[in-house]
Structure formats: C-alpha cells, structure tokens
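Here's a quick briefing to read with the structure open beside you.

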Amino acid sequence: MRQTIRFVHKGEIVELENIDPTRTVLNYLRYDIGLTGTKEGCAEGDCGACTVVLGELHDGSLRYQAVNACILFLPTLDGKELITVEDLKSDDGGLHPVQQAMVEANGTQCGFCTPGFVMSLFAEIHGNPSSGRHHIDNVLAGNLCRCTGYGPIVDAAGKLAEAQIQDKFHDQQTRTIEQLKELQQDDGISYEWQGRRYAAPKKLEDLARILKENPTATILAGATDVGLWVTKLHQTLETVIYIGQIEELRQMESVSDILVIGAGVSYSDAWDKLAQYYPDFGELIRRIASTQIRNSGTIGGNIANGSPIGDTPPALIALDSRLILRSHSGSREMPLEDFFIDYGKQDLVPGEFVEKIHVPLPSANQHFATYKISKRFDQDISAVCAAFNLTLDSGTVEKIRICYGGMAGTPKRARKTEAALIGQPWSEAILESTLAAMAEDYEPMTDMRASSTYRMKSAQNLLRKFFIETTAPDTETRIVGEGQVAYG
Amino acid sequence: MAERHHTSTEIKGKIHKPLAHDSAAKQVSGEAYYIDDLPEPKDLLHLYVAQSKKAHAKITKLDVSAVRNAPGVVLVLTADDVPGVNDASPIAGDDPVFAEDLVECVGQSIFAVAADSIEQARAAASLAVVEYDELPAILTIERALAAESYILPPREITRGDAREAILEAKHRLTGQFEMGGQDHFYLEGQIAYAVPGEDGDVFIHTSTQHPTEVQHNVARFLDVPDNSITANVRRMGGAFGGKETQGAWYAAMVALAATLSGRPAKLRLDRDDDMIMTGKRHDFIAKYDVGFDDEGRVAGVEFDLASRCGRSADLSAAINDRAMFHVDNCYYFENVSIYSRRCKTHTVSNTAFRGFGGPQGMLVPERMMDAIASYLKKDPVEIRQANFYGTANRNVTPYGMTIEDNIAPEIVSELVSTSKYASRREKIRVFNQTSPVLKKGIALTPVKFGISFTATHFNQAGALLHVYTDGSVMINHGGTEMGQGLYTKVAQVVAEVLQVDIDQIKITATRTDKVPNTSATAASSGSDLNGKAAEAAAQTIKDRLIAFAAEKYNVSESDIHFTRNQVRIQEIELAFKDLVKEAYFNRISLSAAGYYKTPKIHYDAKTLTGRPFYYFSYGAAVSEVIIDTLTGEYKVTAVDILHDTGKSLNPAIDLGQIEGGFIQGMGWLTTEELYFDDQGVLKTHAPSTYKIPACSDRPEIFNMKIYEAGENVEETIYKSKAVGEPPLMLANSVFNALADAVSSVSDYRVYPDLDAPATPERVLMAVDRLQDQAAQVSGSEAAQ
C-alpha cells in the first residue's frame, strides 16, 4: 500500500509524506503552509470558522461538500480536492460571486467567521441551491456568527441561490475529475510515522485484516467524534484506520423490507432515503449537528461510539433495527439495542467493526415519530431524544417500542411503559395512567443540558405529544421542521 | 468593495450614506489578518497557561521543575519572575497575572510555560506539581449575599420616600427573578503576540479594546516606563466588552516571555481555556416592590439588585452603577430607591459586556410593567405610556439628570402602529384559545440608554492625521476596530471634512505610539469620541490649507471651497493633491493631532448624581414568540424594531449593529446558559455546550427600521448617536413575549415567574407552575 498522501489543491496534485496521522487539516493550512484565511473558532466542529470544501468523485461526477477542517485529519484528504477561502478569487484577482455577495449584503463585521460562511455558501452554489429560508438555515446551521445576527448573510445566500453562477471551478471540472480519478488507482494507504500507524484501506477484507493485526486501533470514519479526542482531549492516537475510502461501507440500499445502511454512510447521504420512509427520521437528521458535520459524520460512527446522547440510536432501536458486526473471522448480527451494554461499553470485541445496519421499512398501521429536545434547535446535542414506533389494531396497541436517548447511560427502551401500553386501548386515560411507569424505566441525570426533572417531565410529555399527533392530527404540535405551525 | 452610485460631485464614502465595512473585501477572501494569522518567525515561543483547578484554595506547593525539564520548554513563568507589579487590573490592583499563594477561581492563571511549540508547552504544563489547601468557596449570588461577601461596598440611590409611597398606593406587587451571565463568544479568542526590541522595549500585537491599558499594565508588570511598550491592534475578531480589560493578562505574559528570552512570544487561548479563564456578563438577582394606581402609574418603587462580580473588582463598580442608572429605563419614578450589592464570589471575574449592566438593570422595570399590566388586566403598552418620562416635567432621573431628548413616546407610538401590535395581540389571544399545545406571545419593550462613560475622564479622544504630498491621507485614532465599523465611520468623517474620496484615506492600526493615553473602545462611544477627534484633526489641516490658499491666491478664506477631490479658489479649480503639494513646498505642516472631550457631563461618584450621560439613545421592539407547552421549546417568530441612531453616520453599519445587537441580546435571554457545577467548574465552555443563536434562530419576520426623525439634540459628530450597545436591550421584548405566552396557560390570570436565560427547561417549568396555580385559582373561584 502507498505511504504518501495525495490530494488536489489549487488545481495541482499535492503529494505529502511523513504526516502525523492526526494532524488536522486546519493546522496544516495555518501553521504548515501559511494559509491563514481558514480560522479556528472552537476546534470541535461547532462554529464553522474553519469550514473548507472537499471535492470528491460521487457516482463519477464531482461533488463539493463543506466540512470542518478543525477536526479533519490531513491523511483523510487522500483522493479528494481541497478548496479553501484563498482559492476562490478569479485568476485576475476579482472576488468570487459568493464573496462579492457577502460584501454587498454587509455580511461581515468582525470578519472572523466570514471565511467559513463563504465556504459553506460556495459548497451550496455547487450543490442544489435554493433560496428558501429553511433551506438556507440548514446550509448555515454550522456557521456561528456573533456580530451580524445572520440577516445580511441570509440575504446574500438568497441572492446567490437565484443567480446562475458559473465560476472557475465549473470551468476546471473536467480536469479536476481526471485528477481525482488518477488518485483513486491503487489499494489505499498504510504508513508508520514516529512509531504510530495510519491505514486507509479500500476493501472490506483489507480492513478486517489490518484490524486483526491492530486490534486496539482507532477506527476513523467522519472524525466528528474521534477528531475531538485529539483537538479537545489532546490524546495521542497510536494507530488510526480510516474507513472512509471503503466503497462497500458507503452503500445504502433497500432489500425487500429492509433498508441496509453501510457503516460509512454519512448523515447527508442517508438523509433522503430515511426521510422517504420515515419523514420524522429525516427531520431528526436535519437536526443532527450541521451540514459540515453531516457531510463527514456517519450513522455507523454514531452507533459504534456508544454515546448515550447519540441521536440516531433511539430511532433505530424503536424501529427494531439490527446491527451487523464483522471481523477477520466472520460476522455476527444482533438487535441494535443489545449492542449498548452500559455507559461507554458496547458489545464489540477487539478486531471487530460495525459493518452495516438493517432498518425495517414501514408497515401497515405503523405510526413512527421521533423528537429531539435541546436548548437550541439547530446544531445542538439532545437533552432528550425520543422515538416511538406504534402499531395499532383497531384502536388497540398491538406493538409499541419506545426508546430514549439522554435518559440513561445508553440509548434505552422504556420497557415498563411499553408493557403497560401493549394490549390496551390507545386512549388518553390509559396513557396518563402509564406515564408513571416511565419513572421506573429511567433515572435521568442532571447536567449542563438539563435537569433530571426536566428530562423526565419532557420525556413523558413527548409521549403525550405522540399520542396527540396520532389521535388528533389537526392539532398544531410542532414549532419547527416538517408540519410546523404557521408563524404569522 | 461594492461600487455605489454617487453623483460626480459627491465623494465616495459620504457621511449618512450606507458604505460597506472597510475590511469587507479582505474578510471574505481570508486576507484580513488577525493576530494568529501573522507569519510565525522561526524562533517564536508559544505560551500555555496552567490554571487553578480549585475555586478557592491556598497553594501549598508549586513545583515546576519537571515542567522546566520537559522537551521544548524554554521558560516557566511564575509570580516570582515578575520584575514589576504582578497585576493587570483596570483599577483595583487585584488581578494577579500569576497567582501567588492564593487562587480564587477555577481557571485562574498560576504559571505559564513558553516552549517551541504549543503542544510542547501544553504537555509540559501538566507535569507541574500543584498542591492546594482548599478553602470554603462562595459560588453563587445567594451564598454571597448570605455571607455579605462583597467585592465593593453596596450603593444606594433614593429619591422621595419609596416605602411610604408603596404602602399608601392602591395596589402593590413584588417580584424577583434571576438573569444569567453571558459569555462573549467572540469568534477570535484572547491572543497576544510580543516582539522584543532594544533597550527592553516590547512591541505587542494584542486583541484588545483598550491598547493603552495593555501598554500601561504591561509596563508596570515589567517595571519599565510606558514609553517602552507599544500596543498595536489592527482588528479584533469580535470583542463585545470581553476584550476591554481581560486581554492585559495575556499581553503581560508574552511581554515577559519576550523580555526574558529575547524571542518573540505568542499566547492564544483556545476556546475552552478562553471560556474557563475569562470573565463574562454579570449575572444578577433582581427584586422590585412597587405601589401603583388604577392606571398602573407607579407611585413608589424599590429595586434591589445583586450581581456576581467574581473574584476581583475589574469593572464591576461602573457596571453595577450603570445597572442602577437603567432601572428607570424610559419611566419616571417619583419615589424610588435603588439598592445595589456587588458580590464577591470564587468564580471568574465578570467584566464588561455590551450594555455594561444596562441590560440587567433595564429588564427589571420591563418585567415589572408587564406584571402591573397583568394584575390590572390592561395592555402592557398602556402601562408603559402611563409611566413614560415627560418632556417639561416628570423628566428628572433618580440620579438627578434632566432628560432633554425624550423621544421614547414617539418611537413607541410609531412602532405600535407600524407593527400592528394591537391587532396582532388580539389574534394571538384567539389562536391561544384554540391551540392546546402551542401558545403564542407578544411584547413591546422600549429602550433608553445613556451614552458616555460614567467615569468622566474617559470621555476624551485623540486622532492623528497625515496628508502626504501625493494627496493621500492617513488617519489614526484611539478607537479600536472589533467589527463594529468604527474605522469606516471615522474615515467617512475625514473624507467629509476634506471632501476627498474615502479610498484616498488609509485607515491604520490603533497603536499607542501614534495616539497616546486613549480610552477603551467601549460604552458605545467609539464614533462619538474618535469621530470628533478625527474631525478636529482634519479640520486643522483644512484650515491650514485654506489659510495658505487665501494668502497665496490673495482671496478671502470664504472664497475657498472644498469640493470632491478638488479645491475651488474663486474661479480656480485645483486638485486637492495639487494644493497639498503646493502647501508642502511652502512649508505648511500637513500633519495634525485632533482632540475631543465630551462637553456638559459631570458626575459625582460619591453621591451617584449628576449628568453622567451626554445624551440618550432610544429604540423599541415588538417580539412575537411561539412556545410548546409540552416541551418548553420556543421560537421567536416575528420582530419589529424602530431604533434611534440620531442622524446615522452610516445606515448600513448601524443596521448591522441593531440586528446583531438584538440577536445577541436574544441569545442572552434565551439559550445562552452558563452552567457551573458545585465545585465552581464551568461545564459550558465551548459551542457544543454553550449555545449562542444560530442562523435559524433569527426570527423569520424581521422588520428593522432606523427612526427617520432621529437627530441628536447635542452637537455630536454630524448629529449621529451611538449604536453599539443600545440595540441589545431591544431583545427584552423576547423575554417578555415568552412570559406572555406562558401566561396564556393560566388564561392570563397569573404573570409567570421566569428566570433568564429562558431555556426550554425554564419555560416548561414556568408553564407547569402556572397550570398548577391556575388550577388553584379556578378551584378557589369555584368555591366562592
């Protein structure tokens, strides 16, 4: 396997060797090559000042996505194109239309967040721009501005979406695609640096083999969690195995009544499909982090890291999803809920990795809803995340699966509450009488996100809300997202 | 930069016209530099600061020998290494740069490591042996009040006999609520970068609103004269008050490292360290006791304010004074007492933050007005109107200042009409009757904010203006650029005076060796003070050119007119640059200093009376919200703002201040929650846990207008008004709208208790309490 890293930058192929496996792209830009336009605001992927754009081959064409450079490891640029704020001006030195629009809208004040906004909007005009306010909010959810109040930036985004922008990146597209194709032609990377190791295999069997040889290695997908181990906890990761180059893990397909999601599928790539089957799941994905994080982060990673406040496990568990783990010696399958043993402890043995998730498709008489409660609607971690999967048989609860995040050390089903409801009429009186059971299902904690009292109270109220939505669908119950109330 | 249409006779950058920020084109292309963007010299030292892990403790042992021996370490700096005074406070002398034997908050700096890389410095710092003898820690306002732990003595302002008036009034209400603090969350964290010079001089790039204070503190710290230290600030990546005093610590550290090592040295706090180590907006507990008549007119009121100042005084005296000066807001209180306690706690030293105590003071009467309205079952706007200051009478503030420019009544009545406040309020009540889960709320709140530093001597400014022989102009002044567009506005003033296009004017970094003894860029005063100083400098040059031309062309001075890039001398049209060149050859000085001091103001800090403010800035906002009564989640859906900027120097920049200030105030009152654990450790120290407004939090309907009739009654720079801070307090309407929505669950019979920030949790708890209270009220009504 190759020992160097190759990517396209400023129209040329860059080849680097002897790279610290966890050197961030941000630090590389700012301190190794002196490109200081990209800023550090938080070093945890939450403020967007470090936003850069990656170009990748996607079904043969070139796709641009905004990502957070602060938690992106430099070797994972391999095979991609890197674009930063310095690259946007035209060859004659004129501002890029995105930059020009920001100036004209008075979209800058202190200017420190500005390069990040510019890059998010640049990715956007190379994607599927829309001037709809909610769409722009989603595009910019991962860019914090403390000065402007966002209005001028939203105005700039709206104007850009309506313009048909042709820039030098469009003009260079054919050449870029050729360059990226050239970079794909081998079996991946493996190298040692100062006694530490980085590997980026391209085949599943290579991953299994490398993991067998390095059973304690850190598996890296989007780095939206692992990145913080380095930038926030200042850990040294000895061996890092990047799975983002393995095409087999990035597959997503419906097979009979199952949706199969590869462990390397990003939130962004899973979004449409999940929304198609379960609109609320789509809304949940929209509320997970930001565009930048969703472009990098994976559902497989969200599961594998076992966070009690990961947002997808409650929904996946409520839907009775199954998890497929794999190692050099074969694979095994389990209900996803069984994977989460305790806080920080998952049913994963050394050498094993998450390969894919099986999500059952909707069936008749099924009602599915999921809700996320956080201080801020966008780009926030849940205080409580709830998912309800109810099957009614002429007004009686035939099946119900209830799962919460943020209520225990793991994503956890409300089994006592479920038991109290099954076989009963789906009625307000029964519901109210079963809510007490939830206090036996959970003993939530108090922390900076919420008190235990609020967690319990809102968890119970979300079940009430689910009841209202399934029995009185005309009632306005939603402030944001799909089916939100009219504001005016 | 955006080209704007202008007639051929009108200069580019004319005052009162919108003009983009001078750095905009550089900011969007990543070319505008911030301190950490400066090229790093090969021998640059990187500093890391080791912090106290304890809220209150004696340091019984500090052993840094392992730190010194760690790879890459060049210096370890402790209190013992300080040549001068180990302090970087603005006033009180109580902010040790390095702790000596006592630590008084988690995050207090104990020592600094200077190493070849930041990674080495950080790793080395963890090798120190620090042993503590823990002392009891006071972390909250309640505990401090109980212990009478004050950093500064309590203050009181009284007029008339509030107590008697309250007791004699027909109605009486009391209320109490908390207002949380707020992290500045400037996107660029604290940073300083020092370059050693000869003779012990140090040149410091510092991200500060107050370069002079950095200079003076560093000089004292190093025991060198002020003239050895130069502080330089081109721009900050946001500041909001957080860089008024607290950047001096880090400047002192890098200056010492540079002096001792002879190498350049840089210290940049990462986000977590910045939030843990630096002060924030003061949190307050406020109480009121008010007596009023059937119309809601206040007969007497007592206010009791207590704030958490943290471990040192910092600017807490002036901040709490300003809170006291703003509990009247737009209302005349004939019999009033205002009591203020400034609590010492074992937490970071709270500091300036946009509004500077004004927001906390002002929210108290705003909640009180709504509580009175709720009690009398009247529209809250009517109650406000009944209490507004008059123009000829009822126009003296509790601190004895006569209000000469009261336009709050006009602004409020215009906004009531343009926002369709009354009909929307009715519609909301109808909606709420038929919507069991979601409830809407609406509120209007006005703002009157006093402009000037309350410490009179800060109200002065200097500028330095050079004209070079090619006609290009350089302007420098004591104000700093933190994004607010001050440099742009000052350049517009110079362009206006000299009638040259603004692109002829070079805007230069603020530095203490160009304009000395400056005041902080704070108190919204930047353009008022520095604009005037720059105007004076430009006018001096202009006067010299006129005198020269009059003599040379033998005309009277009144025959000389400056037109766009030209000077007309009777029939002669001369390019500005040609006149400048002629003046040079005739030995006319083309460099001038300008100076300004704010007139009329005086203030007795002992009695808290006088005219602390030159004038007031006004505004009003209507906010509409929707809440979810099952979860407490909410959204601000519509906002209408009418704000007074006087005759705006630059409407584009002023609108940016209004909108940005409002959203920042909304964040303070809604999602921005600072959470300290019971050991005094801040748990919300990064954007993952501390939630400032995001893009989608901006209200979907946002109508914002500058008050067109606005014109400062005082002789401010081109009749404009200060705009930095006042708009933040427009967001009080958001908090009150949330309370209005909550009140609906009791059918408006109970005015809810609500603390700020009104997180979804607090809103849900308020809803729950009201549902319980409403049930009790209904129960007792049924029993009658």
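A:Tyr191 stands opposite A:Tyr198 in β7(A), and that pair is a handy way into this predicted model. Residues count from 1 along each chain as its sequence is written, while chains are lettered from A and ligands numbered from 1 in the order in which they are written. Since the model is predicted, local features need pLDDT of at least 70 and side-chain atom pairs count only at pLDDT 80 or more, whereas totals for chains, interfaces and linings use all residues.

**The hairpin in chain A**

- The strands here are β6 (residues 188–193) and β7 (residues 196–201) of chain A, which run antiparallel and are joined by 6 bridges. (Strands are DSSP runs of E, at least two residues; helices are runs of H or I, at least four; both are numbered from the N terminus.)
- β6(A) and β7(A) make a hairpin with 2 residues between them, and A:Gln194 in the turn has a positive phi of about 50°.
- β7(A) also pairs with strand β9 (residues 239–242) of chain A, in the parallel sense over 3 bridges; two strands pair if DSSP finds at least two bridges between them.
- A:Tyr198 turns up again here, with A:Val240 as its bridge partner in β9(A).

**An antiparallel sheet in chain A**

- Four strands of chain A, in the order β17-β18-β19-β20, form an open sheet with antiparallel pairing.
- At the edges sit β17 (366–373) and β20 (412–413) of chain A, each pairing on one side only.
- Strand β19 (residues 396–405) of chain A pairs with β20(A) over 2 bridges, and A:Cys403 stands opposite A:Arg413 in β20(A).
- Helix α18(A) packs on the sheet, touching β17, β18 (384–393) and β19 of chain A, and its direction makes about 35° with that of β18(A). (Axes are lines fitted to C-alpha atoms, for helices over the stretch in contact, and angles run from 0 to 180 degrees between N-to-C directions.)

**Where the chains meet**

- 70 residues of chain A are in contact with 71 residues of chain B; contact means C-beta atoms, placed from the backbone, within 7 Å.
- On the chain A side, α2 (97–104), α3 (114–125), α4 (133–140), α5 (151–162) and α18 (452–471) each supply at least two residues.
- The largest share of that side, 8 residues, comes from α18(A).
- By class, the chain A side has 33 nonpolar, 21 polar and 16 charged residues. (Nonpolar covers Ala, Val, Leu, Ile, Met, Phe, Trp, Tyr, Cys and Pro; charged covers Asp, Glu, Lys and Arg; the others, Gly among them, are polar.)
- α2(A) is mostly covered, with 6 of its 8 residues buried. (Buried means 20 or more other C-beta atoms within 10 Å of the residue's own, with C-beta atoms placed from the backbone.)
- The buried residues of α2(A) pack against α3 and α5 of chain A together with α1 (24–28) of chain B.
- Just after α2(A), A:Asn106 takes a positive phi of about 55°.

**A mixed sheet in chain B**

- Chain B has an open sheet of 4 strands, in the order β16-β27-β28-β29, with mixed pairing.
- Its edge strands are β16 (438–451) and β29 (701–706) of chain B, and the twist averages 15° from one strand to the next.
- β28 (residues 634–643) of chain B pairs with β29(B) in the parallel sense over 6 bridges, and B:His643 stands opposite B:Ile706 in β29(B).
- Helix α17 (residues 651–669) of chain B packs on the sheet, touching β27 (615–628), β28 and β29 of chain B, and its direction makes about 135° with that of β29(B).

**A one-faced helix in chain B**

- In helix α16 (residues 576–585) of chain B, the residues B:Phe576, B:Leu579, B:Val580 and B:Ala583 are buried.
- Seen down the axis of α16(B), its buried residues fall within an arc of 100°, so they line one face of the helix. (The arc is that of the directions from the helix axis to the C-beta atoms.)
- Their cover includes β17 (460–467), α15 (526–553), β22 (566–569) and β23 (572–575) of chain B.

**Nonpolar cores**

- The largest nonpolar core has 356 residues, and B:Leu47, B:Val113, B:Met253, B:Val254 and B:Leu738 have the most contacts inside it. (A core is a set of buried Ala, Val, Leu, Ile, Met, Phe, Trp, Tyr and Cys residues joined through C-beta atoms within 7 Å.)
- Helix α7 (residues 248–261) of chain B gives the most to this core, with 11 residues.
- Apart from it lies another core, of 42 residues, including B:Val467 and B:Ile546.

How values were computed:
Buried ≥ 20, exposed ≤ 12 C-beta atoms within 10 Å, placed from the backbone. Contact = placed C-beta atoms within 7 Å.
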